[in-house]
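Have a look at the structure, then we'll take the terms in turn.

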Amino acid sequence: MFDNMEPILLDCTLRDGGYVNNWEFDTDTAKAVMEGLYKSGVRFIEIGIMGMDAKVGTQTKFNNFHEMEKLLEYRRKDCSYAVMITTENVDSFELPYRSEKTPDIIRLAYFQKDWKEALENVKVYQEKGYSVFLQAMATFMYPMAELEEMLRAVNVLNPSAFYMVDSFSTMYPRDVRMMRNNVLQCLSQDIAFGFHAHNNIQMAYANVMEFLDIGSCDHQLFVDSSIFGMGRGAGNVPTELIMEYLNHQGCQFDTSPLLSIYQKYLEPIYCQYGWGYSLPYFLTAVHKINSAYGWYYLNHGVNKLTMLDTALGMIPEEMRYTLKKDVAEKVIEEVVGLE
């Protein structure tokens, strides 16, 4: 899968960007994004996410693997395509054998409490012919002993890649450097190592540069990005910025196709929904909480920043991994009562 040891850029616009517009990229739009990325030099493209109640042909969210066949008719032979599955949906789909009609890579995303259960699926995916990328969401929440335990289990399974993920955007370059080095001390050399950054505190670009600034490394390195940083809330590190940075390291990406893709297909979405740094999502990072809580509160009338700050701080520690609407609603009632 890996031809050289230059850092590999994996674009996740059609998946992570989908949190902005409910994955409402129709087939023609998704095809155009894929083609633009390919022309720019990207050879790893995430085409969407597995989920329930998806609308066939109008979303990059898929009820089953058959639904993505139309999109993959436009695949390039020297390009690898990925789809994400989260642990909550891992048992919801029939998994066909890997073929030209399926993606090449399954990106399995899981939180700390689910890692043992999640890893039970790796062998199944591998036996079906897929490359497996493990996305350890909110990796900073693992105590060092548990991180080492998980990585020992990962080494036995030998997936294609393991990612550290700054899910709540709480990491600064020093944190990235420390975690990168800790992971590399444990991770098998045969397994690629990736990083997924978020931009709530405007550190995504700096953190990616720190991740890559490692000098000699025996591991293939991956970095996730999306065009113009498209993603829920504060979004991700922009693909075009990473391309330009890597070009200064000797790579040969062409950002011009992405300019056209953004202007024709993504700018209208940006104008309608918006994404990027904002104080509400800064607050989710401060409270080390899933940004989905910020999104939920903003869409349920908690628009005053001091009220939002209070509400986020009232979410119990054990509930901060993923949005729990009943918990969020209860907190709203309490916060409104305090005003």
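Q: What makes lysine 77 count as exposed?
A: This is a predicted model, and in it lysine 77 has a relative accessible area of 83%. Exposed means over 50%, so lysine 77 gets the label. You'll find lysine 77 in the loop between α4 (69–72) and β4 (80–86).

Q: What makes β6 and β7 a pair?
A: The test is at least two bridges between the strands. Strand β6 (residues 131–136) and β7 have four, running in the parallel sense. As a landmark, phenylalanine 133 stands opposite alanine 161 in β7.

Q: Why is the contact between arginine 107 and aspartate 224 called a salt bridge?
A: The side chains come to 2.8 Å, N to O. The cut-off is within 4 Å, so the contact qualifies. In general, side chains of opposite charge can pair when their charged atoms come close.

Q: What parts of the chain do arginine 107 and aspartate 224 link?
A: Distant ones: arginine 107 is in strand β5 (residues 105–110) and aspartate 224 is in strand β9 (residues 221–225), 117 residues apart.

Q: Are arginine 107 and aspartate 224 buried or exposed?
A: Set each value against the limit of under 20%. Arginine 107 has a relative accessible area of 0%, so it is buried. Aspartate 224 comes to 2% and therefore counts as buried too.

Q: How do you know that aspartate 16 and arginine 15 form a salt bridge?
A: Their side chains meet at 3.7 Å, N to O, and the rule asks for within 4 Å. Both residues are buried.

Q: Which residues does the salt-bridge network link?
A: Arg15, Asp16, Glu46, Arg107 and Asp224. For the model as a whole, the salt-bridge count is 13.

Q: What makes arginine 177 and glutamate 210 a salt bridge?
A: Their closest N and O atoms are 3.2 Å apart, and within 4 Å is what counts. This pair also links distant parts of the chain: arginine 177 is in helix α8 (residues 173–186), glutamate 210 is in helix α9 (residues 204–212), and they are 33 residues apart.

Q: Why do arginine 177 and glutamate 210 get the labels they do for accessibility?
A: Arginine 177 has a relative accessible area of 36%, so it is partly exposed. Glutamate 210 has 15% and is therefore buried. The limits are under 20% for buried and over 50% for exposed, with partly exposed in between.

Q: What makes the phi of aspartate 53 worth a look?
A: Its phi is positive, about 60°, although aspartate 53 is not a glycine. Most residues other than glycine have a negative phi. Aspartate 53 lies in the loop between β2 (44–50) and β3 (61–62), and its relative accessible area of 72% makes it exposed.

Q: What about alanine 138?
A: Alanine 138 has a positive phi of about 50°, again without being a glycine. The loop between β6 and α7 (144–157) holds alanine 138. With a relative accessible area of 0%, alanine 138 is buried.

Q: Why does valine 286 count as partly exposed?
A: Its relative accessibility is 46%, which falls between the 20% and 50% limits. Valine 286 is found in helix α12. Tyr277, Leu279, Phe282, Val286 and Leu305 make a nonpolar surface patch of about 410 Å², and helix α12 (residues 279–286) gives the most to it, with three residues.

Q: How do you know that glutamate 333 is exposed?
A: Its relative accessibility is 61%, and the cut-off is over 50%. Glutamate 333 sits in helix α15 (residues 325–338), and together with Asp326, Glu329 and Glu334 it forms a negative surface patch.

Conventions:
Residues are numbered from 1 along each chain as its sequence is written. This is a predicted model: local features need pLDDT of at least 70, side-chain atom pairs count only at pLDDT 80 or more; totals for chains, interfaces and linings use all residues. Side-chain values use heavy atoms; hydrogens and water are left out. Patches are made of residues with over 30% relative accessible area and no salt bridge: like charges are joined within 9 Å, nonpolar side chains (Val, Leu, Ile, Met, Phe, Trp, Tyr) within 5 Å. Accessible areas come from the Shrake-Rupley method with a 1.4 Å probe; for residues, only the protein chains shown count as cover. Lys and Arg count as positive and Asp and Glu as negative; His and the chain ends are not counted. The place of a charge is taken as NZ of Lys, CZ of Arg, CG of Asp or CD of Glu. Helices (H or I, at least four residues) and strands (E, at least two) are DSSP runs, numbered from the N terminus. Buried means under 20% relative accessible area, exposed over 50%, partly exposed in between (1.4 Å probe, protein chains only).
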